[in-house]
Amino acid sequence: MPDIAKRDITRAIARGAAWTVGMRWGMRFLGLISTAILARLLTPADFGIVAVALAILGFMDALSTIGTDIAIIRHPDPRKEHYDTVWTLNVFIHVISTALILCFTPVAAIIYGDPRYNEVMPVLAMAVLLTGAKNIGIADFQ
């Protein structure tokens, strides 16, 4: 392989790694800011409800991650049809996850003995739904 091609590949890998690291740091920073805002606005009891609801959502997110982004990243020549299929699968899986969270909401309120879960979990479930509609083109940066 010519030296120019090696430099181009190295540059592309470095650029993709920088974008990936930058996006992850940005998301962590936004998470830290939102946690600080929530801690300031909520009482300790309310913060506990949000924390438990987020733990439930995190569990559902772990179950709904099937690695479709990795399939695009590893594909030697992904085409528009591949991106469309992965996006559709992600939306479908997140719609099901959102529905399961909404079905589990009354159960959580009963288990934890607090009806406020009926208000918090549907709002957080919408965040799960929106996550499923994210742009799959981000996988190109990875």
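**Reading helices in a predicted model**

A: In helix α2, the residues Ile-49, Val-50, Ala-53, Ile-56, Leu-57, Met-60 and Ser-64 are buried. The model is a predicted one.

Q: What span should helix α2 have, and how far apart are its end C-alpha atoms?

A: Helix α2 (residues 44–64) has 21 residues, which at 1.5 Å a residue should span 30 Å. The end C-alpha atoms are 30 Å apart, in agreement with that.

Q: How are two packed helices described?

A: By the angle between their axes and the distance between the axes. Here, the axes of α4 (residues 80–112) and α5 (residues 117–132) come within 8 Å and cross at roughly 170°. Angles over 145 degrees count as roughly antiparallel, which means that α4 is roughly antiparallel to α5.

Q: Which kinds of residue form the contact of α4 with α5?

A: The contact of α4 with α5 has 17 nonpolar residues, eight polar and no charged.

Q: Is Ser-97 buried or exposed?

A: Buried means under 20% relative accessible area. Ser-97, found in helix α4, has 4% relative accessibility and therefore counts as buried.

Q: Which residues does Ser-97 touch, not counting those up to four places away in sequence?

A: Ser-97 touches Met-60, Ser-64 and Val-128. Met-60 and Ser-64 are among the buried residues of α2.

Definitions and conventions: Residues are numbered from 1 along each chain as its sequence is written. This is a predicted model: local features need pLDDT of at least 70, side-chain atom pairs count only at pLDDT 80 or more; totals for chains, interfaces and linings use all residues. Side-chain values use heavy atoms; hydrogens and water are left out. Axes are lines fitted to C-alpha atoms, for helices over the stretch in contact, and angles run from 0 to 180 degrees between N-to-C directions. Helices (H or I, at least four residues) and strands (E, at least two) are DSSP runs, numbered from the N terminus. Angles under 35 degrees count as roughly parallel, over 145 as roughly antiparallel, 65 to 115 as roughly perpendicular and the rest as oblique. Ala, Val, Leu, Ile, Met, Phe, Trp, Tyr, Cys and Pro count as nonpolar, Asp, Glu, Lys and Arg as charged, and the others, Gly among them, as polar. Buried means under 20% relative accessible area, exposed over 50%, partly exposed in between (1.4 Å probe, protein chains only). Contact means heavy atoms within 4.5 Å. The expected span of a helix is 1.5 Å times one less than its number of residues.
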